[in-house]
Amino acid sequence: MERPEVPLPQLHAFVVLAEELHFGRAAARLGIAQPPLSQQIRRLEERVGHPLFERGPGRVTLSPAGRALLPAAERALAGLADGLAAARAAGSGRTGRLRIGFAASLALTVLPGLLRDFRQRFPDVRLDIREMTTAPQLDALREKTIDVGLLREPPSGEPELDFRTVLSEPFVAVLPSGHPLAARRSVPLEHLAGEPFVLLPRAVGPRLYDRITGLCETAGFTPRVSQHAVEWQTVCALVETGLGVSVAPASIRRIRLRGVAFRRIDPGTARTGVAVAWRRNDRDPLVGHLLATVGPEPCDPGTSE
């Protein structure tokens, strides 16, 4: 399809003159003198090959060619105005699509409040939310299939990515409700030595897995992992059946299962971090808006049962 090269000033001058049907008033609206307006109209008529206006003593009317061109000229100018407005909105981060990966357990902590606050500030931004464990999030960030990740225990030495801690929380012991240790308010970690453990596979969250097994090793034992589950809710369900115990971030207590008890670990100094992750030097304003919504300071969900 041929794309006619018509300068926008000519279309604008034509539409204004078609509305005013008076060269003097049209020139005044355009902020130019009458001769330049006449030149713009003449050049457009040369492109069309026909007069666009019929000029008579004291009057100007649209010609048949002018009447045919006017709707298209109005649509072109309106479309350009809409396009410019859309470009400005996208460039300032008020519209567009933001792809967010998140670990499933974060639906119990930072995710709902973060999404609510972001949507209140930027209601016209479309959010594409994808549930992913930590390792796939890191791959997706590198491959540019997500823009931001919310994950546990961010890795170090990632030259392409940046991280900001948004939540710091303690660990808890996850026990069947009938377990003898469930009668206590806190559980010395070494008392779990010899128990079968249910944990996430190391492949889906290597640093979190290493943090948990490292805590056990500091307490004097290597956990005997008898079952793996990809999501914490499944871990808790397997603990409920008596297949083992677990050590998990404290926010997992919000998974309400009647047959599961969550108890503080003694000592309770060890903590796990949740971070927002993004590509270093990403200039997408939507990413900047999300980071501003998250804020710079980590928060603590508390340790009450």
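**Exercise 1. Work out how helix H2 (residues 23-30) sits against helix H3 (residues 34-48) in this predicted model, starting from their axes.**

*Solution.* Start with the axes: those of H2 and H3 come within 9 Å and cross at roughly 100°. Angles from 65 to 115 degrees count as roughly perpendicular, so H2 is roughly perpendicular to H3. Now look for the residues that touch. On the H2 side you'll find Phe23, Gly24, Ala26, Ala27 and Leu30, and they meet Gln34, Leu37 and Ser38 in H3. Last, sort them by class: this contact of H2 with H3 has five nonpolar residues, three polar ones and no charged ones.

**Exercise 2. Find out how H1 and H2 cross, and which residues they use to do it.**

*Solution.* The axes of H1 and H2 come within 9 Å, and the crossing angle is roughly 130°. Over 145 degrees would be roughly antiparallel and 65 to 115 roughly perpendicular, with the rest oblique; H1 and H2 are therefore oblique to each other. As for the hand, H1 passes H2 in a right-handed crossing.

Next, the touching residues. H1 brings His12, Ala13, Val16, Leu17, Glu19 and Glu20, while H2 brings Phe23, Arg25, Ala26, Arg29 and Leu30. Split by class, the contact of H1 with H2 has six nonpolar, one polar and four charged residues.

**Exercise 3. Now turn to H1 (residues 8-20) and helix H4 (residues 64-91), and describe their crossing and contact.**

*Solution.* Take the angle first: the axes of H1 and H4 cross at roughly 120° and come within 9 Å. That makes H1 oblique to H4. Is the crossing of H1 and H4 left-handed or right-handed? Check the view and you get left-handed.

Then list who meets whom. From H1 come Leu8, Leu11, His12, Phe14, Val15 and Ala18. Their partners in H4 are Gly66, Leu69, Leu70, Ala73, Glu74, Ala76, Leu77 and Leu80. Sorting the residues of the contact of H1 with H4 gives 11 nonpolar, two polar and one charged.

**Exercise 4. Count the cavities of 30 Å³ or more and describe the largest cavity.**

*Solution.* The count comes to two cavities of 30 Å³ or more. The largest cavity holds about 120 Å³ of space. It has 13 lining residues, and the closest to its centre are Ala103, Thr133, Thr134, Leu200 and Trp232. By class, the lining of the largest cavity has seven nonpolar, four polar and two charged residues.

Note on methods:
Residues are numbered from 1 along each chain as its sequence is written. This is a predicted model: local features need pLDDT of at least 70, side-chain atom pairs count only at pLDDT 80 or more; totals for chains, interfaces and linings use all residues. Side-chain values use heavy atoms; hydrogens and water are left out. Axes are lines fitted to C-alpha atoms, for helices over the stretch in contact, and angles run from 0 to 180 degrees between N-to-C directions. Helices (H or I, at least four residues) and strands (E, at least two) are DSSP runs, numbered from the N terminus. Angles under 35 degrees count as roughly parallel, over 145 as roughly antiparallel, 65 to 115 as roughly perpendicular and the rest as oblique. A crossing is left-handed if the near helix is turned anticlockwise from the far one by less than a right angle, and right-handed if clockwise. Contact means heavy atoms within 4.5 Å. Ala, Val, Leu, Ile, Met, Phe, Trp, Tyr, Cys and Pro count as nonpolar, Asp, Glu, Lys and Arg as charged, and the others, Gly among them, as polar. On a 1 Å grid over the protein atoms alone, a cavity is a set of points where a 1.4 Å probe fits but cannot get out, and a pocket is an open set with protein on both sides within 12 Å along at least five of seven lines; lining residues have an atom within 4 Å of a point. Grid points are joined across faces, edges and corners, and a volume is the space filled by probe spheres set on the points.
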